[in-house]
Amino acid sequence: MVNFVFRMLIYNKLKNFSLSIFDMKLCWFKTIAFLIILFMGYNISWSQQSKIDSLLSLIKKDKEDTNKVNHLNNLAFSFYFANPDSTILFSLQAAELAEKINFKRGIANAYGNCGTGNSIKDNYAKALEYYFKALKIDEERKDMNGIATRLGNIGLVYRNQSDRSEEHTSELQ
């Protein structure tokens, strides 16, 4: 009987020991996963900054043509989460130049970016105004990808507006 009790004690100790090794492996795994994610986030932000720097450099050298409009639109899109005010600013510059040179696709993209910047800032009325302007141009150009993008963006704004109204309703109750 003593032998059986002794075996059970050893078995339980080994069983607990193996669980603690598993826990240590899990802890190492979590630590390594965290460091990888942290490193990837740093690389993404660094590459985003280098993209912004490249676009700014190109814009300084560009002539007043479609390339400059495209670069301004790309720059605006690069800022939309980090700084929606910059998105709006660069989009309006792109729209102004695109209108000056009659570059319809550039105008539509600029208005779309302006809508996105305003949407991020929860300025839904302005966002819809710009999205509908972009949609009108895309429909005139028969640009199906542009139309689909604008309709999707408009749908997101309406969904976000309804989410906000539900939040306000629950706050009032």
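Predicted model: local features only at pLDDT ≥ 70, side-chain atom pairs only at ≥ 80, totals over all residues.
## An aromatic cluster

Tyrosine 80 is partly exposed, at a relative accessible area of 22%. That value sits above the cut-off, since buried means under 20%. Tyrosine 80 pairs with phenylalanine 81.

The protein chain has four aromatic pairs. In one of them, phenylalanine 77 and tyrosine 80 have ring centres 4.8 Å apart. Their planes are at 35°, so this pair is tilted. Ring pairs link Phe77, Tyr80 and Phe81 into a cluster. Phenylalanine 77 is partly exposed, at 45% relative accessibility. Phenylalanine 81 is exposed, with a relative accessible area of 62%.

## Overall make-up

The protein chain has six helices and zero strands. Along the sequence the pattern reads α-α-α-α-α-α. Of its 173 residues, 30% are buried. The exposed surface comes to about 12100 Å², and carbon and sulfur atoms supply 63% of that area.

Contacts also span the sequence. Take those between residues at least 6 apart: 50% join residues at least 24 apart.

## Helix H2

H2 covers residues 66-78, 13 residues in total. From first C-alpha to last it reaches 18 Å, close to the 18 Å expected at 1.5 Å a residue. Aspartate 65 caps the N-terminal end of H2. One of its side-chain oxygens lies 3.2 Å from the backbone nitrogen of asparagine 67.

The buried residues of H2 include Leu72, Asn73, Leu75 and Ala76. Lys68 and His71 are also buried.

## Alanine 110 in helix H4

Alanine 110 belongs to helix H4, residues 104-120. Alanine 110 is buried, because its relative accessible area is 0%. Setting aside residues up to four places away in sequence, alanine 110 touches Asn73, Ser91, Ala94 and Ala95. Of these, Asn73 is a buried residue of H2. The C-alpha atoms of alanine 110 and leucine 72 are separated by 8.4 Å. Those two residues are 38 apart along the chain.

## Helix H5 and its end

H5 runs over residues 124-141 and has 18 residues. Its C-alpha span is 25 Å, close to the 26 Å expected at 1.5 Å a residue. Its buried residues include Tyr124, Tyr130 and Tyr131, along with Leu128, Leu135 and Ile137. Asp138 is buried too.

Lysine 133 lies over the face of tyrosine 111, at 5.2 Å from the ring centre. Just after H5, lysine 142 takes a positive phi of about 60°.

How values were computed. Residues numbered from 1 in each chain as written. Heavy atoms only, no water. Helix = DSSP H or I, 4+ residues; strand = E, 2+ residues; numbered from the N terminus. Buried < 20%, exposed > 50% of the residue type's maximum accessible area, 1.4 Å probe, protein only. Contact = heavy atoms within 4.5 Å. Expected span 1.5 Å × (residues − 1). Polar contact = N/O pair within 3.5 Å; in protein donor to acceptor, adjacent residues only side chain to side chain. Areas by Shrake-Rupley, 256 points an atom, 1.4 Å probe, with all protein chains shown as cover. Phe/Tyr/Trp six-rings, centres within 6.5 Å; stacked < 30°, edge-to-face > 60°. Lys NZ or Arg CZ within 6 Å of the ring centre and 35° of its normal.
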